[in-house]
Amino acid sequence: MRIALLMFVAMIGGCSDTCENELISTADAPTGDLKAVLFQRDCGATTGFSSQVSLTKSDGAPYGAGNVFVADADHGRANAASWGGPWVELHWLSPQHLLVRYDANARVFKNNESVSGVRISYEKVGR
């Protein structure tokens, strides 16, 4: 029984999030209450770097994976930016409209059209 309990505890401990987020840039919304955050997410040696975007309150920081956009370099198809993930740029078009520009060769896992009442548009850029 004791061995089974120890194995269960070890399995639970192994399920923790070992990913780390590194801030790349921020773009404050024109109203000042929100910001778009571009960050690089690294989840260890078995995964590549990714470029991710989250919308947060102006004094917040992203937690976990991006809530707006997530992409990787697709095993080298997209050029890696200085932070390791594919190139991404953020621009506010209006107080409620964010433009995310990104490398056309990136492999996109998430590209939400709206988050927290903000419309999000995407532009693939050939680089």
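This is a predicted model: local features need pLDDT of at least 70, side-chain atom pairs count only at pLDDT 80 or more; totals for chains, interfaces and linings use all residues.
User: What makes Tyr122 buried, exposed or partly exposed?

Analyst: The relative accessible area of Tyr122 is 23%.

User: Why is the pair of Tyr102 and Tyr122 given its name?

Analyst: The ring centres are 6.5 Å apart. Rings pair when their centres lie within 6.5 Å. The planes stand at 75°, and over 60 degrees counts as edge-to-face. The pair is therefore edge-to-face. Tyr102 lies in strand β6 and Tyr122 in strand β9, 20 residues apart.

User: How do you know what kind of pair Phe69 and Tyr102 form?

Analyst: Their centres are 5.0 Å apart, and the angle between the planes is 45°. Stacked needs under 30 degrees and edge-to-face needs over 60, with the rest counted as tilted. So this pair is tilted. Phe69 sits in strand β4 and Tyr102 in strand β6, so the pair ties together parts 33 residues apart in sequence. Phe69 and Tyr102 are both buried.

User: Which residues do ring pairs link into a cluster?

Analyst: Phe69, Tyr102 and Tyr122. The structure has three aromatic pairs by this rule.

User: What makes the contact between Arg101 and Glu89 a salt bridge?

Analyst: The closest N and O atoms are 2.7 Å apart. The cut-off is 4 Å between a side-chain nitrogen of Lys or Arg and a carboxyl oxygen of Asp or Glu. The contact therefore qualifies as a salt bridge. Arg101 is in strand β6 and Glu89 in strand β5, 12 residues apart. Glu89 is partly exposed, at 27% relative accessibility.

User: How do you know that Arg101 and Glu123 form a salt bridge?

Analyst: Their N to O distance is 3.4 Å. That passes the test of within 4 Å, so the salt bridge counts. Arg101 in strand β6 and Glu123 in strand β9 are 22 residues apart. Glu123 has a relative accessible area of 33% and is partly exposed. The search of the whole structure finds five salt bridges.

User: Arg77 and Asp74 meet in a salt bridge; which is buried and which exposed?

Analyst: The bridge spans 3.3 Å, N to O. Arg77 has 55% relative accessible area, and over 50% means exposed, so Arg77 is exposed. Asp74 stands at 15%, and under 20% means buried, so Asp74 is buried.

User: What makes β1 and β7 edge strands?

Analyst: The open sheet has five strands in the order β1-β2-β3-β4-β7, with antiparallel pairing. β1 (20-28) and β7 (107-111) each pair on one side only. The twist averages 20° from one strand to the next.

User: How do you know that β2 and β3 pair?

Analyst: Strands pair if there are at least two bridges between them. β2 (residues 34-42) and β3 (residues 50-57) have eight, in the antiparallel sense. They therefore pair. Gln40 stands opposite Ser51 in β3.

User: Which residues touch the most other members of the largest nonpolar core?

Analyst: Leu90 and Leu98, in a core of 26 residues. Strands that each supply at least two residues include β2, β3 and β5 (88-94). Beyond its neighbours within four places in sequence, Leu98 contacts residues including Ala36, Leu55, Leu90 and Trp92.

Key
Residues are numbered from 1 along each chain as its sequence is written. Side-chain values use heavy atoms; hydrogens and water are left out. Helices (H or I, at least four residues) and strands (E, at least two) are DSSP runs, numbered from the N terminus. Axes are lines fitted to C-alpha atoms, for helices over the stretch in contact, and angles run from 0 to 180 degrees between N-to-C directions. A nonpolar core is a set of buried Ala, Val, Leu, Ile, Met, Phe, Trp, Tyr and Cys residues joined through side-chain atoms within 4.5 Å. Buried means under 20% relative accessible area, exposed over 50%, partly exposed in between (1.4 Å probe, protein chains only). Contact means heavy atoms within 4.5 Å. Rings of Phe, Tyr and Trp (its six-membered ring) pair if their centres lie within 6.5 Å; planes under 30 degrees apart count as stacked, over 60 as edge-to-face and the rest as tilted.
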